[in-house]
Amino acid sequence: MSDHHWQAVGRLDDIPLRGARCVKMGEITIAVFRTADNRVFALEDRCPHRNGPLSQGIVHDACVTCPLHNWVISLETGLAQGADEGAVRTFPLKRDGERILIDLTRAMVMAVEE
Amino acid sequence: MRKKLVVVGAGMASGRMLEHLFEDGTDAFDVTLFGAEPRGNYNRIMLSPVLAGEKCYEDIITHDAEWYAAHDVACRFGETVTRIDRKAKVVFSRAGETPYDKLVLATGSAPFIIPVAGRDLPGVRAFRDLDDVEAMIAAAEKPGARAVVIGGGLLGLEAAAALRSRGMEVVVLHLMGHLMERQLDPAAGYLLQKELEGRGIKVHCKAQTKAILGDGRAEAVLLEDGTVYPADLVVMAVGIRPETRIAVDAGLYVERGIVVDDQMVTSDPDILAIGECVEHERICYGLVAPLYDMAKVAAATLREKAATFRPVETATQLKVTGVNLYSAGDFADGDDREEIVLRDAAAGIYKRLVLKDNRILGAVLYGDTADGAWFFDLLKKGADISDQRDTLIFGQAYQGGGRLDSTAAVAALPDEAEICGCNGVCKGKITGAITEKGLTTLEAVRAHTKASASCGTCTGLVEQLMKLTLGDAYNPAAITPVCGCTDLGHDEVRRLIRAKRLKTIPAVMQELEWKTSCGCAKCRPALNYYLVCEWPDEYADDYQSRFVNERVHANIQKDGTYSVVPRMWGGVTSAKELRAIADVVEKFDIPMVKVTGGQRIDMLGVKKEDLPAVWAELGKAGFVSGHAYAKGLRTVKTCVGSEWCRFGTQDSTGLGIRIEKFMWGSWTPAKVKMAVSGCPRNCAEATCKDVGVICVDSGYEIHFAGAAGLDIKGTEKLGLVRTEDEALEVIVALVQMYREQARYLERIYKWAKRIGYDEIRRQVLEDKARRKEYYDRFVFSQKFAQVDPWSERATGKDRHEFEPMAELSLEAAE
Ligand code: SRM
Ligand SMILES: Cc1cc2nc3c(=O)[nH]c(=O)nc-3n(C[C@H](O)[C@H](O)[C@H](O)COP(=O)(O)OP(=O)(O)OC[C@H]3O[C@@H](n4cnc5c(N)ncnc54)[C@H](O)[C@@H]3O)c2cc1C
Ligand code: SF4
Ligand code: FES
């Protein structure tokens, strides 16, 4: 098995600015976020608080506010901000022009574990 | 050259001392502040509300990086001072030596850990600092997690209540026969125990812990009597011990605490000590009020000013939301003592005063603690109460004959009555600061006087004082900023959007100097609403600034599915509609169908991908979105009215439907719910709605500003109109006035209270020209708002919302 499993999941334009789209892989959902300044991040679509779908939250700066109880999660680190504690799994992501690729190595391990 | 001041411990006492030290603007010292915790000074008392989820850490920071920078304090957080060399006048820490001219020890106390087997297992925590709180919160996250709290004192019970409110199973183990035996007598302890048990907390008194069991981490607690309580988390809250280790090692005079004189100086003239680590006249303190006094005295001593610390009486309150408990002084029984007790079992009230020679020695109040400050004041003054003996226990309001209301009672307090126990602030100081410094907000009063800035239990009293002093000029919501991204309040933002003709969110943020690059989840939805309302024809709604429900036009549920509530105009439906709903439910396997409290039907548990197809099917039967998710018009409930009912005076059903059809689709600051009842029997419950109509023989009685959610409030009467047309016009004008003026998320009843009912009456009922203008503006904005969002989406709009970007199979990925 190689170290990376880069997989194209879509194009930049598929995601609204300050928004997110989901990538489904079996039981796992990965949320791909696009910030106001066109940076893209991939996180598991599951809030560390009570599994809220982060992809549905409001994106501001490099953070998303969870739609269920307003935890703020950093897209860069996956860490809950402020007094809240918890982390979301992040996935390596790279851009090839407009194309977005995600390294699925971790997701595959997760899928096997589940 | 400035002298070097080293402070060890960044806790509550040292933070306060530094404030006093910098008070007069002279900076006589180069200050270095060591703190073992990896953060600066914060309000430790408030860890309980943080644990309960009522506050977050940011809320309780007392000194931030900016403050330290402004006062040139060298911060060494996360660095423990391990040794003092008194000869060389240096302290040692990980980073090496730091020299001092004056040293202040403010090391607080260490939680006492009972020496039983298993005490070192992971999962056993004290309750002392933020790390403890964070570890407890993490433990509570696990579904079904169980906690055992050892210690039924103030701290243990606050922890237990907070953990319970986070959903944990909680057992409190207490060594003594009743809870909080140091502050409470057995009767009050019993009431408290009952209250906690009512919340699902198990209390085990006379519990002697034998061991903490577990393999690699805490799993259970074993008692001497053989009882075993399973536990994922064990909280030890059995007491504290002054943290004196470095003082002992340095050869300072230490008994139970570091011994100081009245100037807070230890046995070494260059070393002072303050806070819980201190022993003064054989007493060690564990509450902040005396520690703040020490801080003040120490600051004076450092500045070579005269000041003296004197022992103080302390009063305690339990900070558990919904439990009122106050105790002060000494209330042990004794032959020379008398007591006055008041019990009202039905109201859950218990009050006990312990008297000696007609003076109050101690007070315990449970259930109703409003008079705590008053009793404590009498106690501290040693006032002779023989004259008021008969009515004393009923409290201040009963003194001097008639019963006063609570504001009058506060007004009657003498100037020297203590309002804030933590900070020892009396009434006169607060009212004085309000008038002299022109303070108008609670925050400003806190900043200037410290009143209610620590444990916060006196906030209500302080607000009453502000009300008394400022009268109507006191507006508690005066300048609360929209959010952390700006200093402007909602009203200023709205005004500026209008005045500067700002028409996009980036324009608002640019022009009004937002502090973040693209706002946050609080301000963006507010701005989006203000712009929609202000420029209905020109503004392009920013869906990415809407909360998910309004973006996808359905209500998100806890498992990420959605609910779908179609409009059922005025609560009326038909066989065709019901059939269509039944078909959709079966076709899409919708797990739950429910009749709502708003006279319509809710389909719950719809998968997000299915939403457009569900809407398409419903649309075929003529259904449109019910906006059950919107800050907008929700339902208009009706009763059967004159068409069927033997009491009906007008066609309430018809009017309700007419209003709903006229107003649906409009966005409002918060949700708007209405109802029309056909006669004063009021079957449609119109008098607890945002807007309600009661039909009467002579016309339509319009009501507004009711609430039946978080608050319950009957409506105010706006007035009577003769015709249905007029009723509609008035209601529309009222809602438009609300749309234009209210702050985002402010329901009509809150807005109306702020603006004044009479003012609203004047503008939408009496001033007919004005009414018409509001009406016309509403009608104009409806041209752009009355588009059914469901049919748009059923035909492809925002498809990206409902479809995943990609669906990968695992095999393909490999
Ligand atoms: C479905 C329903 C309960 C039911 O099964 O009957 C309901 C369900 C919800 N209510 Fe309600 N409320 C429902 C009638 C009410 C009523 C009764 C009424 O309208 O006559 C009230 C009290 C009246 C009032 O609003 O003053 C009510 C007061 C609340 C409140 C408190 C509002 C307040 O300002 O005090 C909330 C919380 C909020 O809006 O922030 C709330 C919030 C909610 C939310 C939206 C919670 C949420 O944010 O997810 C629930 C959405 C469920 C869903 O997904 O469908 N619901 N809710 C009712 C829908 C009525 C409808 O047909 O649209
Ligand atoms: C959960 C909780 C609720 C409370 N509620 C109330 C209440 O409602 N009312 C009330 O009056 N009181 C309350 N208290 C008590 C109050 O918080 C304490 O009395 C107060 O914080 C003591 O202040 P201090 O400065 O002496 O010590 P602390 O605030 O404990 O500060 C001491 C600091 O020194 C640090 N330190 C210790 N040794 C070293 C070293 N060698 N080097 C560097 N740093 C060191 C410690 O890490 C700590 O941060 C409560 C306490 C807790 C924990
Ligand atoms: S409100 Fe009056 S008219 Fe309407 S149903 Fe009730 S009793 Fe009948
Ligand atoms: S699930 Fe995300 S904040 Fe609660």
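This presentation walks through selected features of the structure shown above.

Good morning. The model is predicted, so to speak of local features we need pLDDT of at least 70, while side-chain atom pairs count only at pLDDT 80 or more, and totals for chains, interfaces and linings use all residues. Residues are numbered from 1 along each chain as its sequence is written, chains are lettered from A and ligands numbered from 1 in the order in which they are written, and side-chain values use heavy atoms, with hydrogens and water left out.

Let me begin with chain B as a whole. Chain B has 28 helices and 39 strands; helices (H or I, at least four residues) and strands (E, at least two) are DSSP runs, numbered from the N terminus. Of the 814 residues in chain B, 54% are buried. Buried means under 20% relative accessible area, exposed means over 50%, and partly exposed lies in between, with a 1.4 Å probe and protein chains only. Among contacts (heavy atoms within 4.5 Å) in chain B between residues at least 6 apart in sequence, 61% join residues at least 24 apart.

Next, consider strand 33 of chain B. Why is strand 33 of chain B described as largely enclosed by the rest of the structure? The reason is that 5 of its 6 residues are buried. Strand 33 pairs with strand 32 (residues 633-638) of chain B in the parallel sense, over 4 bridges; two strands pair if DSSP finds at least two bridges between them. One bridge joins B:V636 to B:M674, the latter in strand 33.

The loop between strand 33 (672-677) and strand 34 (691-696) of chain B holds B:C683. Is B:C683 buried or exposed? B:C683 is exposed, with a relative accessible area of 64%. Leaving aside neighbours within four places in sequence, B:C683 is in contact with B:C639 and B:S677. An unreviewed UniProt entry lists B:C683 under "binding site"; such annotations may be inferred rather than shown by experiment, and the positions are given in the numbering used here, with feature names shortened.

B:C683 also belongs to the surroundings of ligand 3, which include B:C639, B:C645, B:C679 and B:R681. Here a residue is near a molecule or strand if one of its heavy atoms lies within 4 Å of it. The shell around ligand 3 has 6 nonpolar, 4 polar and 1 charged residues. In this scheme Ala, Val, Leu, Ile, Met, Phe, Trp, Tyr, Cys and Pro count as nonpolar, Asp, Glu, Lys and Arg as charged, and the others, Gly among them, as polar.

We turn to ligand 1. Of the 18 residues around ligand 1, those that come nearest are B:Q557, B:S563, B:G597, B:R600 and B:K671. The shell divides into 2 nonpolar, 8 polar and 8 charged residues. A side-chain N or O atom of B:K671 is 2.5 Å from an oxygen atom of ligand 1. For B:T596 the corresponding distance is 2.7 Å, and a polar side-chain atom of B:D602 lies 2.7 Å from an oxygen atom of ligand 1.

Finally, two points on the backbone. Most residues other than glycine have a negative phi. B:M180, however, has a positive phi near 45 degrees. B:M180 sits in the loop between strand 11 (169-173) and helix 7 (186-198) of chain B, and B:M180 counts as buried at 3% relative accessibility. In chain A, the phi of A:N70 is positive, near 65 degrees, and A:N70 is in the loop between strand 6 (63-65) and strand 7 (72-74).

Thank you for your attention.

Note on methods. Polar contact = N/O pair within 3.5 Å; in protein donor to acceptor, adjacent residues only side chain to side chain.
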